[in-house]
Amino acid sequence: MMGTLPEKRKNEGQRRYEAYWAKQMADPEFRQVYEEEARKKEFWLQLVEARQAAGLTQKEVAQRMGVSLAQVARLEKRGYDAYTLRTLRRYLSTLGEHLGLEVA
């Protein structure tokens with residue numbers, strides 16, 4: 001017995017999605033934008049993970065930096081890209097030990 005109708009639809013949908021995604025990624029302009037956005041996400045994630053590894057909340061980081069909770073939340077917001085080197089240094093020094101972030 002072949003798969004049920006929902007399984008067939010799922011398989012067909014998966015095949016269509018994979019074909020669509022392959023076509024999108026074959027476009028150099030699309031791929032460049034996609035990879036840039038992926039790097040932004042990775043950087044955002046590094047900030048959050050570094051703070052969590054230091055055992056601090058956003059509120060605690062804000063207090064130590066002398067800024068509002070909203071400012072720290074904005075720094076850690078997905079897609080935020082208006083960082084200054086000074087702010088990043090302050091943020092990292094607030095976390096304690098010498099930390100480094102990789103920016104591609």
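**Helix packing and a pocket**

Val61, Arg64 and Met65 in α3 meet Thr87, Arg90, Tyr91 and Thr94 in α5. By class, the residues of this contact divide into 3 nonpolar, 2 polar and 2 charged. The model is a predicted one.

**How α3 and α5 pack**

- Two packed helices are described by the angle between their axes and by the distance between those axes.
- Helix α3 covers residues 58-65, and its packing angle with α5 is about 115°.
- The axes of α3 and α5 lie 9 Å apart.
- Angles of 65 to 115 degrees count as roughly perpendicular, so α3 and α5 are roughly perpendicular to each other.
- The crossing of the pair α3 and α5 is right-handed.

**The second largest pocket**

- The second largest pocket holds about 150 Å³ of space.
- Its lining includes Met65, Val67, Gln71, Val72, Arg74 and Leu75.
- Tyr80, Ala82, Tyr83, Thr84, Thr87 and Arg90 also line this pocket.
- Sorted by class, the lining has 7 nonpolar, 3 polar and 2 charged residues.

**Which helices supply the lining**

- α4 (69-75) and α5 (85-94) each supply at least two residues of the lining of the second largest pocket.
- α4 gives the most to this lining, with 4 residues.

**Residues in both places**

- Met65 of α3 meets α5, and Met65 also lines the second largest pocket.
- Thr87 and Arg90 of α5 meet α3, and Thr87 and Arg90 line the second largest pocket too.

How values were computed: Residues are numbered from 1 along each chain as its sequence is written. This is a predicted model: local features need pLDDT of at least 70, side-chain atom pairs count only at pLDDT 80 or more; totals for chains, interfaces and linings use all residues. Side-chain values use heavy atoms; hydrogens and water are left out. On a 1 Å grid over the protein atoms alone, a cavity is a set of points where a 1.4 Å probe fits but cannot get out, and a pocket is an open set with protein on both sides within 12 Å along at least five of seven lines; lining residues have an atom within 4 Å of a point. Grid points are joined across faces, edges and corners, and a volume is the space filled by probe spheres set on the points. Ala, Val, Leu, Ile, Met, Phe, Trp, Tyr, Cys and Pro count as nonpolar, Asp, Glu, Lys and Arg as charged, and the others, Gly among them, as polar. Axes are lines fitted to C-alpha atoms, for helices over the stretch in contact, and angles run from 0 to 180 degrees between N-to-C directions. Angles under 35 degrees count as roughly parallel, over 145 as roughly antiparallel, 65 to 115 as roughly perpendicular and the rest as oblique. A crossing is left-handed if the near helix is turned anticlockwise from the far one by less than a right angle, and right-handed if clockwise. Contact means heavy atoms within 4.5 Å.
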